[in-house]
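Try each task before reading its solution.

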Amino acid sequence: KTNIMNTRILSILFTAALFISFSSFSQPRKVKWDRLGSRLVDYRADFDVMQVGAKDGGFTKLKVMVTGGALNMHRMVITYMNGTKEEIHLRNSFARGTTSRVIDIKGGQRLIKNIKFVYDTKNLARKKAKIHVYGRH
């Protein structure tokens, strides 16, 4: 009788563990990206600077999206509120409506002062590209 009771308890515990593990997979976690800003590309220059500021909070990850036109993004330089800089090499050819990879920021959650984008344009359609930056806490 003790063996049957132990088997039932183990069966109930196993079923409960399976239920809990499968229920965590059925609810995908929605990742929230905050728009930090947008910047219309100036075709007379080869870089643009987007002001961000501490009001937007600290971020651990960034991603870049380009709309309107196309451009070749070589790198971006992030200036943090404490004055330090981080250079990120993208070497990405953005077609209209494309997004960069997720960019991990060094040092955990950081307050961003501004972001400098270094690029050259692929303005075949004569449409100006617009750079959008999104951050994740």
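**Exercise 1.** Decide whether Asp34 is buried, partly exposed or exposed in this predicted model.

*Solution.* Start with the relative accessible area of Asp34, which is 17%. Buried means under 20%. Asp34 is therefore buried.

Asp34 belongs to strand S1, residues 34-40. Then look for its contacts, skipping neighbours within four places in sequence. Asp34 touches Phe59, Val133, Tyr134, Gly135 and His137.

**Exercise 2.** Describe the largest nonpolar core.

*Solution.* Count first: this core has 25 residues. Then pick out those with the most contacts inside it: Leu62, Met73, Met76, Ile112, Ile115 and Phe117. Next, list the elements that give two or more residues: strands S4 (61-67), S5 (71-80), S6 (85-94), S9 (110-121) and S10 (130-136). Finally, find the largest share. S5 supplies it, with five residues.

**Exercise 3.** Which rings have Arg110 and Lys116 over their faces?

*Solution.* Take Arg110. It lies over the face of Tyr80, 3.7 Å from the ring centre. Take Lys116. It lies over the face of Phe47, 4.6 Å from the ring centre.

Conventions. Residues numbered from 1 in each chain as written. Predicted model: local features only at pLDDT ≥ 70, side-chain atom pairs only at ≥ 80, totals over all residues. Heavy atoms only, no water. Lys NZ or Arg CZ within 6 Å of the ring centre and 35° of its normal. Helix = DSSP H or I, 4+ residues; strand = E, 2+ residues; numbered from the N terminus. Buried < 20%, exposed > 50% of the residue type's maximum accessible area, 1.4 Å probe, protein only. Contact = heavy atoms within 4.5 Å. Core = buried A, V, L, I, M, F, W, Y, C linked by side-chain atoms within 4.5 Å.
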